[in-house]
Amino acid sequence: MEDTRILIVDDNAEIREIIHVLLEGESFGIDEAADGEAALLLVRENSYDLIILDIMMPGKNGYQTCLEIRKNSNAPILFLSARSKDSDKTLGFSSGGDDYLAKPFSYNELISRCKALIRRYQIYKGKNMDLQSGTGNSPADGAGSCETLIYHSLEIDVRREEVRLDGSPLTLTDTEYAILLLLIKNRRQIFSAERLYESVWNEPYYYGANNTVMVHIRNLRHKIEKDPKNPTLIKTVWGRGYRCD
């Protein structure tokens with residue numbers, strides 16, 4: 001998997017080295033950056049399948065760096081931080097992160113999270129997976145092999161993985177796109193936070209994942225809804241989950 005590249009961003013050289021050795025042992029190609037500015041330069045020059053981003057760094061912190069990265073890349077971002085409060089995680093997801101791992105972390109947990117994020121990203125880049133079952137190209141609701149999905153003011157070109165709102169292109173993260181595509185392909189089905197997480201993140205639901213789903217839904221609504229506080233495209237079914245009608 002040497003053609004799969006990961007960028008490690010951390011001001012602590014020892015932590016960078018540990019992560020580098022671990023992931024290189026899994027045959028990933030690795031680049032390193034000691035701060036946010038160096039990371040941004042690398043992201044502009046290279047294509048990555050995963051970015052591992054520390055939060056507490058001199059200069060641009062991880063949140064600020066993530067916001068800047070999202071202007072150039074939709075690669076999944078895994079935050080690493082000693083700060084593990086829910087508010088810290090929410091801020092990380094709000095700035096465009098896909099996952100959050102608190103320090104200290106187990107090596108197996110890090111590798112597992114990295115592989116899950118990379119696998120999901122590469123599958124969606126390949127445009128050949130049904131999000132509901134994990135196999136084939138047969139979305140529900142009669143979408144079949146249709147390459148373009150129309151839902152109210154949204155238009156999704158599945159082949160190019162492009163989304164337009166009222167004819168104007170939208171910039172979505174990989175996770176936001178996956179959530180939107182899943183809900184639209186399975187209209188009128190209610191997805192609980194657990195089912196949504198396991199379908200999109202492709203890993204078992206865990207305590208705290210509900211907050212992860214909620215933040216990504218909120219970010220997505222801010223991009224596609226005319227009034228995010230009164231959504232009409234992605235609806236909340238109180239006590240049950242989310243759906244597109």
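This is a predicted model: local features need pLDDT of at least 70, side-chain atom pairs count only at pLDDT 80 or more; totals for chains, interfaces and linings use all residues.
Which residue takes a positive phi in the hairpin of β6 and β7? Side-chain values use heavy atoms, with hydrogens and water left out.

**View 1. The hairpin of β6 and β7.** H152 is the residue in question, with a positive phi near 55° in a hairpin that has 2 residues between the strands. β6 and β7 run antiparallel and are joined by 4 bridges; strands pair if DSSP finds at least two bridges between them. Y151 has L154 of β7 as its bridge partner. Strands here are DSSP E runs of at least two residues, and helices are H or I runs of at least four, numbered from the N terminus.

**View 2. The hairpin of β7 and β8.** Here 4 residues lie between the strands, and E161 in the turn has a positive phi of about 60°. The pairing is antiparallel over 4 bridges, and I156 finds its bridge partner in V163 of β8.

View 3. Five strands pair in parallel, in the order β2-β1-β3-β4-β5. The edge strands, β2 (29-33) and β5 (99-102), each pair on one side only. Neighbouring strands are turned by 20° against each other on average, direction ignored. Helix α1 (residues 13-24) packs on the sheet, touching β1, β2, β3 and β4, and its direction makes about 170° with that of β2. Contact means heavy atoms within 4.5 Å; axes are lines fitted to C-alpha atoms, for helices over the stretch in contact, with angles from 0 to 180 degrees between N-to-C directions.

**View 4. The largest nonpolar core.** This core has 31 residues, and L154, I156, L180, L196 and I234 have the most contacts inside it. Such a core is a set of buried Ala, Val, Leu, Ile, Met, Phe, Trp, Tyr and Cys residues joined through side-chain atoms within 4.5 Å, where buried means under 20% relative accessible area (1.4 Å probe, protein chains only). Helix α6 gives the most, with 8 residues.

**View 5. Around L196.** Not counting residues up to four places away in sequence, L196 touches I179, L182, L183, F191, W201, V213, I217 and Y242.

Terms used: Residues are numbered from 1 along each chain as its sequence is written. Buried means under 20% relative accessible area, exposed over 50%, partly exposed in between (1.4 Å probe, protein chains only).
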